[in-house]
Amino acid sequence: MSISYLNGCWQAVEKAQVSVLDRGFLFGDGVYESIPVYAQRPFQLARHLQRLRHSLAEIYLPDPYSQAQWHELIAEAIEKSGESNASLYIQITRGADNGRSFDYPDGMIPTVFMLVSAAPALARQSVKPYAMITLEDFRWSRCDIKTISLVAAGMLKNQAVAKGADDAVLVRDGYITECTSANIFVVKNGIIFTPPKSQLLLHGITRAVIIELARENNVPLQEVQIDLDTLAHADEIFVASSTREAWPVGWLNGKPVGAGCEPDGTIKKPAGGCVWRRIDALFQLSKTRDFQV
């Protein structure tokens, strides 16, 4: 069942309420984190909390809890939810104030919200490759901050859906950055390429795990800028996020990617092996190892 935590209170999410003067509501002044839970254990928790602290620091918002308090609170949330495979969402805003000013008022108490809900996608039975289109990335220049201000990403996602795609590959100054809510990997001649970390894309936890797994298992991988020509001639494309893990892309701008896909939507296996399949198998295995790494 879904369980929520709001400023010290556990309750059904339908009953959780915040002030209309909360700066998260008025300004989008807050950050969030989404953590996958496998067998009631949060995956890569230390990294997620480190990224949460980074986001908070970048918007000058003190972390309301210590590391130990976060661990205790998250464990309690998962236990209360009773879910096995779940998504744990954390949102922290600057809190409510009597006015509406860009200045950060002194003495504000942050609003802390947490929600645990079932995540059927994490227990996937089959994989249908995504159809993607390229769109110009008009988001702000601090995409490394996981802010709740997601209107631009939402606009781009819906532009892609309106054109019959699942999502968009975002392009800035001729180079790809990421998708609307996932990092991207391009495969050419057996080598994986992914854009390097910068302020123009989210430093994804799943992205980091995939890079580590590739290097640990001698899968060639380079963090380099990727232009549109390289993207268009890729042998494989896959994306990575906490909710979808590693997920293949079968079509780009209406054309099959690399070896293409079968009529039923399943991805073909290119001669010599499929890089995405290997990475996905390694990732699935990593989930059974140290969940706290």
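I looked up burial first: 49% of the 293 residues in the chain are buried (under 20% relative accessible area with a 1.4 Å probe, protein chains only). I note that this is a predicted model, in which local features need pLDDT of at least 70 and side-chain atom pairs count only at pLDDT 80 or more, while totals for chains, interfaces and linings use all residues. Residues are numbered from 1 along each chain as its sequence is written, and side-chain values use heavy atoms, with hydrogens and water left out.

Next I took the overall form. The C-alpha trace spans about 60 × 40 × 30 Å along its principal axes. I find 7 helices and 15 strands, taken as DSSP runs (H or I, at least four residues, for helices; E, at least two, for strands) numbered from the N terminus.

For the cores, I used sets of buried Ala, Val, Leu, Ile, Met, Phe, Trp, Tyr and Cys residues joined through side-chain atoms within 4.5 Å. The largest has 24 residues, and Leu52, Trp70, Ile74, Leu88, Ile90, Ile92 and Met114 touch the most other members. Helix H3 (67-81) is among the elements giving two or more residues to this core, and its 5 residues are the largest share. I then followed Ile90, which, neighbours within four places in sequence aside, is in contact (heavy atoms within 4.5 Å) with residues including Val31, Leu52, Trp70 and Phe113.

I turned to the pockets last. A pocket is an open set of points on a 1 Å grid over the protein atoms alone, where a 1.4 Å probe fits, with protein on both sides within 12 Å along at least five of seven lines; lining residues have an atom within 4 Å of a point. Of its 48 lining residues, Tyr32, Lys146, Thr147, Leu150 and Thr180 are the closest to the centre. Helix H4 gives the largest share of this lining, 5 residues.

The second largest pocket has a volume of about 300 Å³; 15 residues line this pocket, with Lys197, His203, Gly204, Ile205 and Ala208 closest to its centre. Helix H5 gives the most to this second lining, with 5 residues.

Note on methods:
Grid points are joined across faces, edges and corners, and a volume is the space filled by probe spheres set on the points. Buried means under 20% relative accessible area, exposed over 50%, partly exposed in between (1.4 Å probe, protein chains only).
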